[in-house]
Amino acid sequence: MRTFRPQEQVDFVIVGSGAAGGIMAKQLSTAGYSVVVLERGGWGKFGHEQDYTKDELLNSNPSQADMLMSDPVRMPNTFRRTDRDRTVAGVHSYGCCVGGGTVTYGGSSWRHLPWEFNEATTVGTIAGTGLADWPITYEELEPYYTQAEWEVGISGLRVDSPFVAPMSREYPVPPVPLKSSGALLKTGAARLGLTVVPGPLAIITEPYQGRSGCVNCGMCSDFGCHVRARSSSAVTVLPIALETGRCEIRANAYVHEIPVDAQGRVTGAIYFNEANEQVLQRARAVVVSANASETARLLLMSKSSRFPDGLANSSGLVGRYLMLGNIASANGLFEHPLNDYKGVVSGAAVVDFVPSDERRGFYGGGRMTSRGYATPISLGLSGLAPGSPRWGAGYKQALREQAQHKMTITCFTTQLPLETNRVDLDPDVKDAWGLPAMRITSQSHPDDMRNLEFFRQKSIEILEAAGATQVWAPQAGDSRGSAHNRGTCRMGNDPAASVVNRYHRAHDVPNLFVVDGSNLVTGGRNHPTMTIQALAFRAAENLVRAARAGEV
Ligand SMILES: Cc1cc2nc3c(=O)[nH]c(=O)nc-3n(C[C@H](O)[C@H](O)[C@H](O)COP(=O)(O)OP(=O)(O)OC[C@H]3O[C@@H](n4cnc5c(N)ncnc54)[C@H](O)[C@@H]3O)c2cc1C
Ligand code: SF4
């Protein structure tokens, strides 16, 4: 890997190497620019995927050297529902390693639908919310969805349905086979007149671009993929960026400030290295791709006399319109073994309730996905049916039986963007580096909660129609911190109502770009990553054009 000296002014510093940061690194370096990627997390098993642990305890142990997720002890966050509440310890974690969230994600790769880019127009604005149209259309983004699907490697089936985004090209590899839970979802859905489609996944089903297809190991989401079947940034775009000889990935580099000069232009990024020394990496321009929550925190920490409220925050909107992501679910036991713990997490989905329907009496929609996936310890701790024995031989028998006979319908639903829901800096709690911890303030809109209950009930109906012998459904809760976080630096044409413009350039700072989940104006039906990746390809193309024209 080519390395740069921090004093050397590179063309671009990219903060974060995840879904968006990886794509930006590849596109900018292959276009001929020098790039340093500063990544807070470690290398994970980059280049040594076969060594990813499938040990459930070890995988979630923060002291593990190659940890893949953020460390809740050294990187704490706090949480409150409203400004009136006292903060409590938070639970927000995210993928924190080279490759970011894509190393451990479930891989569901849904596109936003065309009308999801202008719901304020089609559904109408909703009082008290920030539901707004995007500054770009689906038609503008469509080529980049296709590019992302083919460059990253998505499996799926192009379907002709009003509930699924239209595609100009097939997926590069076929969808994962229907699992037992998918077949049962189909049975139940058919009895209720509903439509089931295969879910698009960032998991390849056959060899593609030198990587192996999925071997259905069953320790999937939350774990690294040991055969490189999961199309993470770590095995797709980042290796190409490194091959150019113009890109350095600097791991264990925790960026805490983006400094500006007297003209208000950013000059690079200041980070803590592994030895806890503060280092300035100089750059002509900075791309922040640190994910929706950390990007906002970093901008808010980057205060200066010119930007006393945080960098690029003249609108006061950095951190606001946070959408954490809510889910509703229901579980069922079936007479025959399903063996659904094998293979990938999510396969098939009911899509009929994707659009909002005013006849329901509230705004909201979502996708219902079939799953049976449960890792052994999580099943034992929280996955058994109500009334199951919790001790001794009966407990063991319940574990054995339910691991084989259980399926879940998990519904990924809408969450309205509210200005009051936000990331900011906790005035009291500090992280292990002495920096302000992230404070999350989030309470979903009443429509979001009614929508969750709607999906919970629909899930119960489908499981019953599919013939479940026992069905149970926990009350759906309002999220306190999900890795599907979106919003916080929304894109828009009006500098007073958004943080970046339609090309991801900060309204306030000409050589600062924000490209990640923070830009989403509305959250879609929850799964954000495919849209983040398409946006990144589009942002990179426009950034290269602007750089070549001397406009950065
Ligand atoms: C277990 C799990 C399952 C998921 N399943 C799905 C799914 O099925 N479908 C879906 O659409 N999404 C899923 N997600 C969410 C998905 O991972 C994110 O939407 C996506 O990765 C966000 O992309 P991003 O580019 O915004 O940020 P990320 O991919 O999170 O990348 C941000 C990177 O920036 C780094 N960083 C943060 N702060 C700093 C700093 N100050 N200095 C330097 N580096 C920093 C982080 O360590 C991280 O590597 C899942 C996430 C997890 C954790
Ligand atoms: S189930 Fe497939 S994609 Fe998931 S970790 Fe195992 S081999 Fe990789």
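Student: Which residues are closest to ligand 2?
Tutor: Quick heads-up: this is a predicted model, where local features need pLDDT of at least 70, side-chain atom pairs count only at pLDDT 80 or more, and totals for chains, interfaces and linings use all residues. Residues are numbered from 1 along each chain as its sequence is written, chains are lettered from A and ligands numbered from 1 in the order written, and side-chain values use heavy atoms, leaving out hydrogens and water. Ligand 2 has 13 residues around it, each with a heavy atom within 4 Å of it. The closest are Lys 54, Cys 214, Cys 217, Cys 220 and Cys 225.

Student: Is Ser 233 buried or exposed?
Tutor: Buried means under 20% relative accessible area, exposed over 50%, and partly exposed in between, using a 1.4 Å probe and protein chains only. Ser 233 has a relative accessible area of 2%, so Ser 233 is buried.

Student: How far apart in sequence are Arg 284 and Asp 11?
Tutor: Their side chains meet in a salt bridge, 2.7 Å from N to O; that term needs a side-chain nitrogen of Lys or Arg within 4 Å of a carboxyl oxygen of Asp or Glu. Arg 284 sits in strand 9 and Asp 11 in strand 1, strands being DSSP runs of E, at least two residues, and helices runs of H or I, at least four, numbered from the N terminus. The pair therefore ties together parts whose separation in sequence is 273 residues.

Student: And which residues form a network of salt bridges with Arg 422?
Tutor: Arg 422 forms a salt bridge with Asp 83, the closest N and O atoms being 3.1 Å apart. Linked with Arg 422 in the network are Arg 80, Asp 83, Asp 424 and Arg 439.
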